[in-house]
Amino acid sequence: MAGGNFMGADEGGCEYPGKLTRYVALTCIMAAMGGLIFGYDIGISGGVTSMDPFLKLFFPSVYRKEALDTSTNQYCKFDSQLLTLFTSSLYVAALIASFVASFVSKKHGRKVTMFLGGLFFLFGAVLNAAAVHISMLILGRILLGVGVGFANQSVPIYLSEIAPYKYRGTFNVLFQLAITVGILIANIVNFLTNKISAGWGWRVSLGGAAVPALVILISSFFLDDTPSSLIQRGKSEEAEQLLKKIRGVDNVDAELKDLVEASEASNKVQHPWKVLLRVRKYKPQLILSTLIPTFQQLTGINVVMFYAPVLFQTLGFKANASLMSAVITGAVNVGATFISVYCTDRYGRKVLLLTGGVLMCVFQALVAGLIGWKFGTTGVVATVLPQSYAILVVLCICVFVAAFAFSWGPLGWLIPSEISPLEVRSAAQSVTVSMNMLFTFAVAQVFLKVLCWMKFGLFIFFAAFVFIMTLFVYFYVPETKNIPIEEMSRVWTEHWYWKNYMDEQSPAKEVV
């Protein structure tokens, strides 16, 4: 049994007895593996779209522009709406699936929702690996998207509900860590499969998604559901026994009482979506569940991560060099996420968000300056790019990725999953996932065209958004460190702005 007594919340809060057990640590690690499927997909997409055999088979016009037409503007040579549809169709499917997953999660539990996520992702991986026509690719991407929608809806909530509140941040960040590991694995796979001379390496890359799908499928078989979900579905005795098991003590009366009260309040709400959208006291949760994932995507991080190989080729790197650069940024992404694992519950969420925001803004602007310096507005470079320039570009991108990895990456999932009361938690998480996927889709779909239009100014555009969202965090995002999830209403009543939305009126009375 691992150490860590967590008696004693912040002053004025509730105290739950218990300790961090090996069982709950292992459970959280297994559940967090759900992030692998999202991360692997982010990393694999940009890699295969930079492989010549893949482009020749499915996107011949892009291949001709990229490989055969040396006069093409570097900013515009990958501009193809069909190519970006391949990448971004997943996110539309995930957006829609997240709403269905909200219903499944509330009625059947987080565990079942995670299992279904892995199952859909497995089917999509098999279909993509066997693809002989663009329609098979798109259909496979849609199935992958359904899997991502189910997993991203259920895993962050699962982690927030089952982890001891003193360690909730640390364990929830494991979800983002799994995403970054998935990205890194995908980048390494792409680098190796691109060397397969027979030209079928892209099938291995796409089919490899079956591995993280099997990981979450198998993991979900061995997981218990969360106490909150069990109580919400009328299994109070089972929830009590599970609480004793995961807290490592017999005295769980205080936490169980709060969970039961939260469940009773939740059961009075027949229409959680209507309550979330209409009841005034849930406006803070609705606004943050909408804006945090939106801001997360408008950092430009997914542009860097799933278009990294394409981006580096655009900057003049050769195919293998661009894939290796993507491996380097993927490794930085994983390493920097450990900063968040260590710091989130020690120093709080806001200090990481603010520090990361400043670094991202500065280095995004530097990337814009470096690209503008060499390519200008024409996108044509007269000479071979020097090695020192390439190293400087990769270094700036790595610092940007590292800053995101310890701040907006993990906390963009953690904060929305922990701020909502049980009665609207699944609905609010669906808002988070859907907004994340909507803006991921939008950025993915328009990036290559906007890069062609805005040139290096695109990176200044993203830097401006990072500046805006850093100000938003400073003024409007409350600190949630060491607050029990069922006591989270405290952060709103004590906040200088959000307290204006708080009242004691029952949601059941406010919404008919």
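Which residues in helix 21 are buried? Select helix 21 (residues 408–418) and you will find Trp408, Gly409, Pro410, Leu411, Gly412, Trp413, Leu414, Ile415, Pro416, Ser417 and Glu418 buried. That is eleven of its eleven residues, leaving the helix mostly covered. Buried here means under 20% relative accessible area, exposed means over 50%, and partly exposed lies in between (1.4 Å probe, protein chains only).

A word on what is on your screen: this is a predicted model, in which local features need pLDDT of at least 70 and side-chain atom pairs count only at pLDDT 80 or more, while totals for chains, interfaces and linings use all residues. Residues are numbered from 1 along each chain as its sequence is written, and side-chain values use heavy atoms, with hydrogens and water left out.

**The whole protein**

Zoom out and show the cartoon: the protein has 25 helices and zero strands. Both are DSSP runs numbered from the N terminus, with helices being H or I of at least four residues and strands E of at least two. Of the 512 residues in the protein, 62% are buried. Among contacts (heavy atoms within 4.5 Å) with a separation of 6 or more, 80% are between residues 24 or more positions apart.

Rings of Phe, Tyr and Trp (its six-membered ring) pair if their centres lie within 6.5 Å; planes under 30 degrees apart are stacked, over 60 edge-to-face, and the rest tilted. Phe295 is buried, as is Trp408.

Now widen the selection to one aromatic cluster, whose members include Phe295, Trp408, Phe472, Tyr476, Trp492 and Tyr501. At Tyr501, look for Arg280: its charged end sits over the ring, 4.5 Å from the centre. For this, NZ of Lys or CZ of Arg must be within 6 Å of the ring centre and within 35 degrees of the ring normal. Select Arg346 for another example, with its charged end over the ring of Tyr342, 3.9 Å from the centre.

**Helix 15 against helix 23**

Two packed helices are described by the angle between their axes and the distance between the axes. Show helix 15 (residues 283–297) and helix 23 (residues 457–476), whose axes come within 11 Å and cross at roughly 150°. Axes are lines fitted to C-alpha atoms, for helices over the stretch in contact, and angles run from 0 to 180 degrees between N-to-C directions. At the contact, Leu288, Leu291 and Phe295 in helix 15 meet Met469, Phe472 and Tyr476 in helix 23.

Select Phe115 in helix 6 (residues 110–129) and Phe221 in helix 10 (residues 210–222), 106 residues apart. With ring centres 5.4 Å apart and planes at 70°, this pair is edge-to-face. Phe115 counts as partly exposed at 27% relative accessibility, whereas Phe221 counts as exposed at 58%.

**Last stop: His108**

Finish at His108 in helix 5 (residues 81–108), which is partly exposed at 44% relative accessibility. Not counting residues up to four places away in sequence, His108 touches Asp225 and Arg233.
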